[in-house]
Amino acid sequence: MRHFSIFLAILARLGSGVVAQNVANQKIEQLQADMKDTNGQIDTTDNAVPANTSNSLRAGPRGYNLLEDTSVRKKMIHFDRERVPERVVHALGHGAYGQFESYGDWSNLTMACWLQEGAVSEAFTRFSVVVPSMGGSENGRDTHGFATKIYSQCGNQDLVGNHVSSFFIDDGAAFPDLIHAVKYEANKGFPTAGTAHETAYDFFNLHPEGAFQLMNVLSDLGIPRDVRHIAGNGIHTYRFINAQGNSTLFKWYWQPVLGLRSLIYDETQKLQGKNNNFIRIDMYNNIAAGIYPEWEFAVQLFPDDGTYMYQGYDLIIPTVIVPFEVNPPIKLGKLTLNRNPTNFFAEPESVSFAPSNVVDGVTFVPDPLLQWRLMAYDDTTTHRHGSPNGYTLPVNRPIAPFNNNYRDGYMQPYLYEGDSTSTPNDIGGVQEPSQNQTLEYITAGATAGSGPIGRYRAQYDWYGQARTFWGAMDIYARQHTVDAYRFELGNIGVPAVVQRYVDQTLNNIDNCLARRVAYGVGAEMPAIGSGPTTNVTNSTTPYPSLYPLNPGQETNKSNAGLTVAVVAGDNMFGPADMQAMMPLLSAQQVGLAVVAPRIGTLQSGVTANASFTTTSNLFYDAVFFGSIPTRPLR
Ligand code: HDD
């Protein structure tokens, strides 16, 4: 970890302190009431009785342990139960607090209080990867989760999205199957963190609606440098409701102010071996150093005419994306993450997000993926916390007052007063809101259904959407994506699964793509011309926004928080070089690591913070060898 602490120390001097001054601190104050500082305190039992629990109570120095050792028993009983079930997906994650600031008065769209003029709300965001379990690598190729809880004055608003814009399925009924298929194979117990295996591709073969999403993840978008440089996508269409009861449909996005940055696959794979916590360390250190990542909250707006269609795009099929060129997003506000958690278990681990946590002014549409999500997160939260009282934990508790008759259960923390626990009541207790106190579930103009009851499967040109994405990539990005398909399919032991993916999915997307992948994995190549063919030489799309990593897209807007390593030695890169280098880097908030054969002060007087044995070029965005010229270069 040493190699990161140096970069932290240097960045700390560069911190910009960008937090707005008028931030409400209600959540911080609420959390402070629950903080417990045990520093320097005498060890006691839960019963507050001082106890030496480092040594067992025994019948003599060579005798048996005594049952009477209640203090060590209490310690052990607690320890045996320290773990709670990990999240069934997105188990591996980390998070930070921050603030959401509304850019203006959006009351024309929504009554959501966090989107009104001058509204600044505290927030917590958790980043995650879908497939690995706790303790796995977060640097692998995967979909990254981006979940935010806005502690607004009118209740908690959760925005639970992913870093790419679509999804693998469009009906929540198939979610357990998707996750079974991508997690480790039931009989083998591997692979534990990736989709390069047969059950995953067997599933993908049978769910063509995920072809576009999978191509996103297999492009370089699937291997971001870190999470400060990823986007967030709400994926579903949601509904805004304003105070007049008017509905506007929207899709939401977090757009990183730092821009997008990805690695290449070889780097990612090596980085996992060198440090599988690179991503969370990067986030932690930058926040600690005062370099706060920011994302603008942007929405695509669609009129709600009851059809859930927009220029031919189906808004209730979550796997269908609407390109930004067709409907440019408008920016409504900004999220800044500026405070690391105090306690990993109590905060990033215990935080519970749910798409069902919305405030008045935000509701839903009849999208069958979203509809199941509205149930599943509350359910899994109850399971993970072992109690329906999980939402009362410090990190989950709203700052807005909450009052209800959800009573009792494991770990109920409150001492509710009064006798009535039913609503409505005439004898005193929680009262029902009046019609004008809540707009919850009032979705103006919406009908509950429009056809015969049945089990339906959405129809769409799935391969066409993936083809548009393929067409948006330049030739280098396409090669990387071909390599990724080859890696994935090349690791599948059942040739029929591979052949089917090549023939049915890839060849329906693009004949050239299918042939290239098939060639690399020893599958039969589909005949030339047997599938559609995109221009092979370069990006040919009316929708360049689909692949924002192409050069020239201006996505890499800032170098803030990147790190340069200089290689130093007793006689190499001296104090004068250091003096020349620092202003160049600090002007851009770029950190510096000094790497030498050994850590410590070198003969030149420069201090090395990392050595060749503790670090790797993979941890840096650039490595500098040599001296800084004293005269400008010609
Ligand atoms: Fe999910 C966690 C994102 C579909 C069921 N999901 C979870 C997290 C993210 C997402 C970011 C981690 C939250 C955290 O940090 O605690 N999930 C998505 C997105 C989806 C999606 C963007 C599609 C648009 N998810 C989805 C479906 C279902 C679930 C269709 C079930 C019907 N997701 C869950 C879950 C998790 C979860 C099992 C595991 C832990 C948790 O909820 O709290 O309930």
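I began at A568, which touches F573, V594, V595, A596, L602, V606 and A608, leaving out residues up to four places away in sequence. Touching, or contact, is when the C-beta atoms of two residues, placed from the backbone, lie within 7 Å. The model is predicted: local features need pLDDT of at least 70, side-chain atom pairs count only at pLDDT 80 or more, and totals for chains, interfaces and linings use all residues. Residue numbers run from 1 along each chain as its sequence is written.

**Core.** I then looked up the largest nonpolar core, which has 141 residues. A568 is among those with the most contacts inside this core, together with A466, V517, V594 and V595. Such a core is a set of buried Ala, Val, Leu, Ile, Met, Phe, Trp, Tyr and Cys residues joined through C-beta atoms within 7 Å. A residue is buried if 20 or more other C-beta atoms lie within 10 Å of its own, exposed if 12 or fewer, and partly exposed in between, with C-beta atoms placed from the backbone.

**Helix α10.** I checked the length of α10, residues 368-384. Its 17 residues should span 24 Å at 1.5 Å a residue, and its end C-alpha atoms are 24 Å apart, so the two values agree. The expected span is 1.5 Å times one less than the number of residues. Helices (H or I, at least four residues) and strands (E, at least two) are DSSP runs, numbered from the N terminus. I noted P368, L369, L370, R373, Y377 and T381 as buried in α10. Just after this helix, G386 takes a positive phi of about 70°.

**Ligand.** Which element gives the most to the shell around the ligand? I found that α10 does, with 7 residues. The ligand is surrounded by 27 residues, and the closest are R87, H90, G145, G172 and W372. A residue counts as near if its C-beta atom, placed from the backbone, lies within 6 Å of the molecule.

**Backbone.** Most residues other than glycine have a negative phi, and most peptide bonds are trans. I listed the exceptions next. The peptide bond from F190 to P191 is cis, with omega near 0°, and P191 is in the loop between α4 (175-182) and α5. Another cis bond joins T423 and P424, with omega about -5°. Y308 is not a glycine, yet has a positive phi of about 55°. I placed Y308 in the loop between β8 (294-303) and β9 (309-310). Y308 counts as partly exposed because it has 19 C-beta neighbours inside 10 Å.
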